[in-house]
Amino acid sequence: MKKKDSRLSSFYYRLVKRRGPYKANMALAHLLLRIIYQVLKERTPYKELGWDYLPTKERKKEYFIKKLKNMGYEIDIQEDKSTA
């Protein structure tokens, strides 16, 4: 990878740790093919998402609140005043 601050390099380095360089290269090639397909299909330019494109913790919090409510729990969220 030539550019360090891109979604593709972030994806590659995250996979190399778990799967090794060969599988990371194949997964990166697959991701590139999916991106190219969408760009050609939608006829829109490629938009770089940046190295920090993954969801934030705020979205994770919403996911777990919804999941607990679906399980039948009643949720009352209170923010910690000392950290806010």
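## Helix α1 and its buried residues

In α1 (7-19), the buried residues are R7, L8, S9, S10, F11, Y12 and L15, where buried means under 20% relative accessible area, exposed means over 50% and partly exposed is in between (1.4 Å probe, protein chains only). Helices here are DSSP runs of H or I with at least four residues, strands are runs of E with at least two, and both are numbered from the N terminus. The cover over the buried residues of α1 includes α2.

This is a predicted model, so local features need pLDDT of at least 70 and side-chain atom pairs count only at pLDDT 80 or more, while totals for chains, interfaces and linings use all residues. Residues are numbered from 1 along each chain as its sequence is written, and side-chain values use heavy atoms, with hydrogens and water left out.

As for length, the 13 residues of α1 reach 18 Å from first C-alpha to last, close to the 18 Å expected at 1.5 Å a residue; that expected span is 1.5 Å times one less than the number of residues in the helix. Just after α1 comes G20, with a positive phi of about 100°.

## The whole chain

Zooming out, the protein has 3 helices and 0 strands, and reads α-α-α along the sequence. Of its 84 residues, 18% are buried. Its accessible surface is about 7900 Å², and carbon and sulfur atoms hold 56% of that; the areas come from the Shrake-Rupley method with a 1.4 Å probe, and for residues only the protein chains shown count as cover.

Contact means heavy atoms within 4.5 Å. If you take the contacts between residues at least 6 apart in sequence, 47% of them join residues at least 24 apart.

Helix α2 takes up residues 21-42. Its 22 residues should span 32 Å at 1.5 Å a residue, and the end C-alpha atoms are 31 Å apart, which agrees. Which residues of α2 are buried? They are A24, L28, L31 and I35. Looking down the axis of α2, these buried residues fall within an arc of 60°, so they line one face of the helix; the arc is that of the directions from the helix axis to the C-beta atoms. As a general point, an α-helix has 3.6 residues a turn, so residues three or four places apart point the same way.

Turn to the face of α2 that points away from its buried side, and you find the exposed residues Y22, K23, L33, Y37 and L40. On the buried side, the cover includes α1.

L31 sits in α2 and is buried, with a relative accessible area of 3%. Setting aside neighbours within four places in sequence, L31 is in contact with R7, L8 and F11. L31 and L8 are 23 residues apart in sequence, with 8.2 Å between their C-alpha atoms.

## A nonpolar patch

L32, I36 and L40 make a nonpolar surface patch of about 280 Å². Patches are built from residues with over 30% relative accessible area and no salt bridge, joining like charges within 9 Å and nonpolar side chains (Val, Leu, Ile, Met, Phe, Trp, Tyr) within 5 Å. L32 belongs to α2 and is partly exposed, at 34% relative accessible area.

Phi of R43 is near 55°, a positive value in a residue other than glycine. Most residues other than glycine have a negative phi. R43 is also exposed, with a relative accessible area of 76%.

W51 is in the loop between α2 and α3 (57-70). Buried or exposed: what is W51? At 52% relative accessibility, W51 counts as exposed. Even so, W51 touches D5, S6, R7 and S10, not counting residues up to four places away in sequence.

D5 lies in the segment before α1 and is exposed, with a relative accessible area of 52%. Leaving out residues up to four places away in sequence, D5 touches G50 and W51. D5 and G50 are 45 residues apart along the chain, and their C-alpha atoms are separated by 6.2 Å.

Technical notes
A salt bridge is a side-chain nitrogen of Lys or Arg within 4 Å of a carboxyl oxygen of Asp or Glu.
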